[in-house]
Amino acid sequence: MSVATSIVSILLAALLTISAAIKLTRREPYVQGYLKVGVPEDRLNQLAILLLAGACGLLLGLAWETIGVAAAAALLAYFAVAIAFHLRADDAESLPVPVAMALLAAAVLALHAI
């Protein structure tokens, strides 16, 4: 495993943990953002759990590569769906975050392949 794989995996895991914490805080501006794209407030805990599972998978993937590949692929799918939700809601203002996260997940996946 390369140093680059470790760095990008740890960075993405940290960002996922922050994103999960934001979902769990339920602060009004964030809740309104999720409602705008069609995500009901009662689903935020489930999304946070998925992000935390992805973060754990990325970190476990540093020791067990198969888990890291599976986590990166699942996160790429998660953020592809998030991008689709933002596009469907015509929410270009919030689009950079899921795009950046998807690119990081794709980078982890590509780095595991090398």
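Here is a short chat about helix packing, rings and a few loop residues in a predicted model.

Visitor: At what angle do helix H3 and helix H4 pack?
Guide: Two packed helices are described by the angle between their axes and the distance between the axes. Take H3 as residues 44-60 and H4 as residues 65-88. H3 passes H4 in a left-handed crossing. Their axes sit 7 Å apart, and the packing angle is about 150°.

Visitor: How many charged residues are in the contact of H3 with H4?
Guide: On the H3 side you'll find Leu47, Leu50 and Gly54 among others, and they meet H4 residues including Ala71, Leu75 and Phe79. Gly counts as polar rather than nonpolar, and the contact residues split into 11 nonpolar and 3 polar. As for charged ones, there are no charged residues.

Visitor: What kind of aromatic pair do Tyr78 and Phe79 form?
Guide: Ring centres have to lie within 6.5 Å to pair, and these two come out at 4.9 Å centre to centre. Planes over 60 degrees apart count as edge-to-face. With 80° between the planes, the Tyr78 and Phe79 pair is edge-to-face.

Visitor: Is Tyr78 buried or exposed?
Guide: The cut-off for buried is under 20% relative accessible area. Tyr78 has 19%, so Tyr78 is buried.

Visitor: Which residue lies over the face of Phe85?
Guide: For Arg, what counts is CZ being within 6 Å of the ring centre and within 35 degrees of the ring normal. Here the distance from the ring centre of Phe85 is 4.6 Å, and the residue is Arg88.

Visitor: Where is Arg26, and is Arg26 buried or partly exposed?
Guide: Look in the loop between helix H1 (3-25) and helix H2 (28-36) for Arg26. Phi of Arg26 is near 60°, a positive value in a residue other than glycine.

Visitor: What is the phi of Asp90?
Guide: Asp90 belongs to the loop between H4 and helix H5 (96-113). At 66% relative accessibility, Asp90 counts as exposed. Although Asp90 is not a glycine, its phi is positive, at about 55°.

Visitor: What distance separates the C-alpha atoms of Val97 and Ile83?
Guide: Val97 is in helix H5, and at 57% relative accessibility it counts as exposed. Along the chain, Val97 and Ile83 are 14 residues apart. Their C-alpha atoms are separated by 9.1 Å.

Notes:
Residues are numbered from 1 along each chain as its sequence is written. This is a predicted model: local features need pLDDT of at least 70, side-chain atom pairs count only at pLDDT 80 or more; totals for chains, interfaces and linings use all residues. Side-chain values use heavy atoms; hydrogens and water are left out. Axes are lines fitted to C-alpha atoms, for helices over the stretch in contact, and angles run from 0 to 180 degrees between N-to-C directions. Helices (H or I, at least four residues) and strands (E, at least two) are DSSP runs, numbered from the N terminus. A crossing is left-handed if the near helix is turned anticlockwise from the far one by less than a right angle, and right-handed if clockwise. Contact means heavy atoms within 4.5 Å. Rings of Phe, Tyr and Trp (its six-membered ring) pair if their centres lie within 6.5 Å; planes under 30 degrees apart count as stacked, over 60 as edge-to-face and the rest as tilted. Buried means under 20% relative accessible area, exposed over 50%, partly exposed in between (1.4 Å probe, protein chains only).
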